Amino acid sequence: MNAFTGSMMVDLEERVAELENWPDGKGLIVHGAAGTFCSGSDLNAVRAIANPQDGMKMCMFMQNTLTRLQRLPLLSVALVEGKALGGGAELVTACDFVLMVQGSVVQFVHKHMGLVPGWGGAARLVRVVGPRNALKLLGGAIKVDAKLGLQIGLADDVLEDVQDQKTLLQQTEKWLNNCTKGPPAVIQAVKKVVISGRELPLSDALRIEKEVFGTVWGGQANLQALASKLKHK
């Protein structure tokens, strides 16, 4: 069920660090193996760090990792097959887009474990679906299927369950390509201005937008577009 063990948490952080230094990157698909997304934390791993001190260390580590994932200069999409539970649901919220396969479920089961999200999932969820829906999903531990996901804005689109992950990945890549066509520098600039607009006070976001604008104005992509006398359709 792709539950997070301690080593998997470290592996994820290492992959995020690699992606932070990918100069030509534009898009990222986050998906699980064997037809399911992620069932949260491995219970054996949880029992091994059941004391508050170790729990806080794990919380801080994963909160930092998923925040960095969300801030990557790439457009990311979570391809949700099967179940995304607990920490798996929190991982979903760290992606820019969410595609749910028919029959898949996202569920914040933390309440059943006597917990609340600790990896940043609650804060991100409020921004995605609003505080009222977030209260319903967290307080009711509601199973969010594809239809409800679209309804509340947690999912961006729904894919048919074709029982073939290779085909699903191809469909997801095609979907994401609608947003990632163009030079990496421009796509990364788009992500940067959106991140600043989402996370910073308006005055700071405007300053960042101005600075990022300065990096693409007169750049190669801009000059090529001007030279081609591009007409907008």
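Asn-2 sits in the segment before helix H1 (6–20); helices (H or I, at least four residues) and strands (E, at least two) are DSSP runs, numbered from the N terminus. The phi of Asn-2 is near 55°, a positive value in a residue other than glycine. Most residues other than glycine have a negative phi.

The model is predicted: local features need pLDDT of at least 70 and side-chain atom pairs count only at pLDDT 80 or more, while totals for chains, interfaces and linings use all residues. Residues are numbered from 1 along each chain as its sequence is written, and side-chain values use heavy atoms, with hydrogens and water left out.

Next, select Gln-163, in the loop between strand E6 (157–159) and helix H8 (165–180). Here too phi is positive in a residue other than glycine, near 60°. Gln-163 counts as exposed, at 67% relative accessibility.

**The sheet**

Now display the strands E1, E2, E4 and E6. They form an open sheet of 4 strands in the order E1-E2-E4-E6, with parallel pairing; two strands pair if DSSP finds at least two bridges between them. Strand E1 (27–31) and E6 are the edge strands, each pairing on one side only. From one strand to the next the twist averages 25°, where axes are lines fitted to C-alpha atoms, for helices over the stretch in contact, and angles run from 0 to 180 degrees between N-to-C directions.

Start at E1, which pairs with strand E2 (residues 75–80) in the parallel sense over 5 bridges. Select Ile-29 to find its bridge partner in E2, Val-77; Leu-28 stands opposite Ser-76 in E2. In a regular strand the side chains alternate between the two faces of the sheet. On E1, Leu-28 and Val-30 make up a covered face, whereas Gly-27, Ile-29 and His-31 make up an uncovered one.

Move on to E4, which pairs with E2 in the parallel sense over 4 bridges. Val-77 stands opposite Phe-97 in E4. Both faces of E4 are covered: Phe-97, Leu-99 and Val-101 are buried on one side, and Val-98 and Met-100 on the other.

**An aromatic pair**

The structure holds 3 aromatic pairs, defined for rings of Phe, Tyr and Trp (its six-membered ring) with centres within 6.5 Å. The ring centres of Phe-97 and Trp-175 are 5.2 Å apart and their planes are at 75°, so the pair is edge-to-face (over 60 degrees; under 30 is stacked and the rest are tilted). Phe-97 in strand E4 (residues 97–101) and Trp-175 in helix H8 are 78 residues apart, so the pair links distant parts of the chain. Both residues are buried.

**The largest pocket**

Finally, turn to the largest pocket, which has about 660 Å³ of space. A pocket is an open set of points on a 1 Å grid over the protein atoms alone where a 1.4 Å probe fits, with protein on both sides within 12 Å along at least five of seven lines; lining residues have an atom within 4 Å of a point. Of the 25 lining residues, Ser-41, Val-46, Met-58, Leu-115 and Val-116 are the closest to its centre. Helix H3 (52–70) is one of the elements that give two or more residues to the lining, and its 5 residues are the largest share.

Terms used:
Points joined across faces, edges and corners; volume = space filled by probe spheres on them. Buried < 20%, exposed > 50% of the residue type's maximum accessible area, 1.4 Å probe, protein only.
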